[in-house]
Amino acid sequence: MATDAWDGLLLGATLVTLADDAGYGLIKDAALGWRDGVIVYAGPRSGLPSGAEAGADLVIEADGLVTPGLIDCHTHAVFAGNRAAEFEQRLQGASYEDIARAGGGIVSTVRAVREADEDALLAQSLQRVRALVADGATTLEIKSGYGLDFDNERKMLRVARRIGEVLGITVRTTFLGAHALPPEFAGRGEAYIDAVCDWLPRLHDEGLVDAVDAFAERIAFSIDQTRRVFEVARTLGLPVKLHADQLSDGAGAALVAEFGGLSADHVEHTSAAGVAAMAAAGTVAVLLPGAFHVLRETTLPPLDAFRSAGVPMAVATDCNPGTSPLLSLRQAMQLSCTHFRLTPEEALRGATVHAARALGLSDRGRLAVGQRADFACWRVSQPAELVYWLGGPLLAMSFAGGMRLT
Ligand code: NIG
Ligand code: FE
């Protein structure tokens, strides 16, 4: 290997490679080398090829831990305004469903998004994504779903793409037209689904859609309506995922599994049959402990059933103005440990390896030769500290595709 062409070399830290299917894969006093945005060496410093250090364009001495860059596989980070007033209402006893039925909830964010022009929406959303990046995220999924008409869904997806360009991170976009019924379609759910099915190919033609999601729930869309949207996704070759079984068991997990979907998300109320269908389809369970925490939910996802069926569990922020105004994926990992009793290793795997899989990405999530040079350096000495500290400036620096982010 011609080591003189390496673009960067990080020396001295402990790597948390997650290279195998179990264990942290720790390498002490390690070296991590990359070229053209891809890892070319991840091993002990003592095993570096001779001349590697002298030849690298950039050499950084670091201590602490280096993990794969964190991957937030479920966010609604593009939105306008906030819903702090609803949080107060819920503290006084109103439920999320009560507020949605009274015309608040998602629809109130829809009003704010429709009023904001593209640049204003970008400016507001960038602040949140910068916060996610400042705590280790290097890849993000961002959904539409607060426009609920063609032009405003398009505006959201364009903003999501622009965020990736401005910040130099990977943003995977998800079309979530079937998120809520907009007021102009009140009482006409089927007609709204017709419209969603019409917009999807047009947005896809513009290169704005990487995946398709829906909210299958008694306050949103039925399984049959969701199926109609998924069928359009299938004809376009787009992968699907679903807000499934969050507030009630609506057989959402089984539906997304039937379509060979990437992930079923929330899944607090998923039944044994849903778990079995996910296992058979290889569908990831995306745990969203921020929404669980903020809504003060009590029904836990079927964690042991996921474990024993071998369903991979990812962890994401669900960053959104209603149920999860959470601006740190590391904090979501922390909540997954405290509320769901994930082990610190499961939480880290959930925000790296399994999150990559939930996005259909196989080029990241581990520190190994051939993976993208996306990594985060932390001012901690053991992996459990990542989920032990609540807040705090733990991130020393991060890289995406071999380029320095923070
Ligand atoms: O993932 N469940 C539906 N969607 C979001 C909430 C969106 C909102 O309330 O604005 C969620 O929890
Ligand atoms: Fe969500």
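Here come some questions about the labels, each with its answer.

This is a predicted model, in which local features need pLDDT of at least 70 and side-chain atom pairs count only at pLDDT 80 or more, while totals for chains, interfaces and linings use all residues. Residues are numbered from 1 along each chain as its sequence is written, and chains are lettered from A and ligands numbered from 1 in the order in which they are written.

Q: Why is Tyr24 called buried?
A: A residue is buried if 20 or more other C-beta atoms lie within 10 Å of its own, exposed if 12 or fewer, and partly exposed in between, with C-beta atoms placed from the backbone. Tyr24 has 21 other C-beta atoms within 10 Å, so it counts as buried.

Q: What does Tyr24 touch, leaving aside its neighbours within four places in sequence?
A: Val16, Leu18, Glu345 and Pro383 are in contact with Tyr24. Contact here says that the two C-beta atoms, placed from the backbone, lie within 7 Å.

Q: How do you know that the length of helix α8 agrees with what it should span?
A: Helices are DSSP runs of H or I with at least four residues, strands are runs of E with at least two, and both are numbered from the N terminus. The expected span is 1.5 Å times one less than the number of residues. Helix α8 (residues 223–236) has 14 residues and should therefore span 20 Å; its end C-alpha atoms are 20 Å apart, so that agrees.

Q: What makes the buried residues of α8 lie on the same side?
A: In α8, the buried ones are Thr226, Val229, Phe230, Val232 and Ala233. They cover an arc of only 155 degrees around the axis, which puts them on the same side of α8; the arc is that of the directions from the helix axis to the C-beta atoms. Over on the other side, Asp224, Glu231 and Thr235 are exposed.

Q: Which residues does UniProt list for "binding site"?
A: The unreviewed UniProt entry lists His74, His76, His243 and Asp318. They are spread over 245 residues of sequence but cluster in space, with a largest C-alpha distance of 12.1 Å. Such annotations may be inferred rather than shown by experiment.

Q: Are His74 and His76 buried or exposed?
A: His74 has 32 C-beta neighbours inside 10 Å, so it counts as buried. His76 is buried too, because 28 other C-beta atoms lie within 10 Å.
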